Amino acid sequence: MPTQEGEVMGYGLNPRTLKIVEERCRPSVAFTQSHANGSAEPEAPKERPDVSGTGHKMIGEIRTVALREALGEVAETADPWELIAALLLALEAENVRVHGDASGNNWSEPTARTLATAHLFPEGSLVRDEKLIRRHAVSVLQSILNCEVSMHSGSGVPAQLVGVLFGADQKMPSMAFEAFLKCYSKPGITKAVQAEGLAPQNTGKEMRAVLMNHIGEGHWLPEVASFAQAQDVWAQKQKKKQAKIRELESVVDDEDLDEMPEDDFDGAADDEADLSHGPVVPVTEPDSEETFSLQAPEPEPSEHNEAMQFMRDHLEIVVVA
């Protein structure tokens, strides 16, 4: 194909065959922009912004420090409604990702967090309406929290604690139905039957039937399915975390540094001095048969090497735009 307007041809040299290779490159940026704008002349160069990207990065770091100091000063006196609104705004931050959000199932539908921030901060300032804040706070909690068993989108124990806080156990249905009771092992269903004051049966099927007949139209919620059991699980996790923190604090002790012998520091300094002058090269005695050299061995002559040397001495690469 013939060369078209705006195209740039590239030329290269095949190192094996020494043949010149011609390749068609992408159209130049100036040509693409000029035809996209309907003008044959390139656009005028853009003006530099008043503040560079590095400057904006510095502004962001300084703002972060100021923001944290401002929040720290109101830790004891902040209005609870303002804190709730601030938390809703923080959940919509660009560095926050929510897996398993029940709202906004498609790209065109806004999430509950997006709606909350749009209604509470329409022009950047908080709309101080307690009913509006309360309604959006509940909507965001409903969209984020779930009690599903999942490695990626499950909320875990915190969601169950929220259920304890707002009495979700009273909303749980009776769990005495066949599909759920089949999930019990035989020892498990035996314990469940005994907890109701019933005698164990020979098979799991018989014990499930006995338990369902005993509950009838009543309400049966085992401890494993209740929200309240999350409190004990949470307490155990917190104890383990506190123990781990104390263990780490005991390892980092300034007295250990004071007891370190000076020879260790001197040895480290010597190692640094050696490394600063490059790798250590073994030196042999003059009479030794073995010698060491840092120079690379001379390449053996070959047709390929001779051709490459000829190219370096006689060829000149010219780039034509």
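Predicted model: local features only at pLDDT ≥ 70, side-chain atom pairs only at ≥ 80, totals over all residues.
The largest nonpolar core comprises 16 residues, of which Phe-180, Leu-181, Tyr-184, Ile-189, Val-193, Leu-211 and Trp-220 touch the most other members. Two or more residues of this core are contributed by each of helix H7 (178-181), helix H8 (186-195) and helix H9 (204-215). For Trp-220, when neighbours within four places in sequence are set aside, the contacts are Pro-173, Ser-174, Met-175, Ala-176, Phe-180, Leu-181, Tyr-184, Ala-192, Glu-196, Leu-211 and Ile-215. Another core, of twelve residues, lies apart from the largest one and includes Ala-112, Leu-126, Ala-137 and Ile-144.

Helix H9 consists of twelve residues and spans 17 Å from its first C-alpha to its last, close to the 16 Å expected at 1.5 Å a residue. Gly-204, Met-207, Arg-208, Leu-211 and Ile-215 are the buried residues of H9. These residues cover an arc of only 100° around the axis and are therefore placed on the same side of H9. The buried residues of H9 pack against H7 and H8, whereas Lys-205 and Asn-213 are exposed on the other side of H9. Gly-216, which follows H9, has a positive phi, near 60°.

Arg-208, one of the buried residues of H9, also takes part in a salt bridge with Glu-178, in which the closest N and O atoms are 3.1 Å apart. This pair links distant parts of the chain, with Arg-208 in helix H9 and Glu-178 in helix H7, 30 residues apart. The relative accessibility of Arg-208 is 15%, so this residue counts as buried; Glu-178, with a relative accessible area of 30%, is partly exposed.

Four salt bridges are found in a search of the whole structure. In one of them, the side chains of Arg-128 and Glu-82 meet at 2.5 Å, N to O. Arg-128 lies in the loop between helix H4 (112-120) and helix H5 (130-144), and Glu-82 lies in helix H3 (residues 80-91), so the pair ties together parts that are 46 residues apart in sequence. Arg-128 counts as exposed, at 62% relative accessibility, while Glu-82 is partly exposed, with a relative accessible area of 32%.

A further salt bridge joins the side chains of Asp-101 and Arg-113 at 2.9 Å, N to O. Here too distant parts of the chain are linked: Asp-101 is situated in the loop between H3 and H4, and Arg-113 in helix H4, twelve residues apart. Asp-101 is buried, with a relative accessible area of 16%, and Arg-113 likewise counts as buried, at 9% relative accessibility. Asp-101 and Arg-113 are linked with Glu-92 in a network of salt bridges.

A backbone feature is also noted at Leu-18. Most residues other than glycine have a negative phi. In Leu-18, a residue other than glycine, phi is positive, near 60°. Leu-18 is located in the loop between strand E1 (9-13) and strand E2 (20-24), and at 40% relative accessibility Leu-18 counts as partly exposed.

Methods
Residues numbered from 1 in each chain as written. Heavy atoms only, no water. Core = buried A, V, L, I, M, F, W, Y, C linked by side-chain atoms within 4.5 Å. Buried < 20%, exposed > 50% of the residue type's maximum accessible area, 1.4 Å probe, protein only. Helix = DSSP H or I, 4+ residues; strand = E, 2+ residues; numbered from the N terminus. Contact = heavy atoms within 4.5 Å. Expected span 1.5 Å × (residues − 1). Arc of directions from axis to C-beta.
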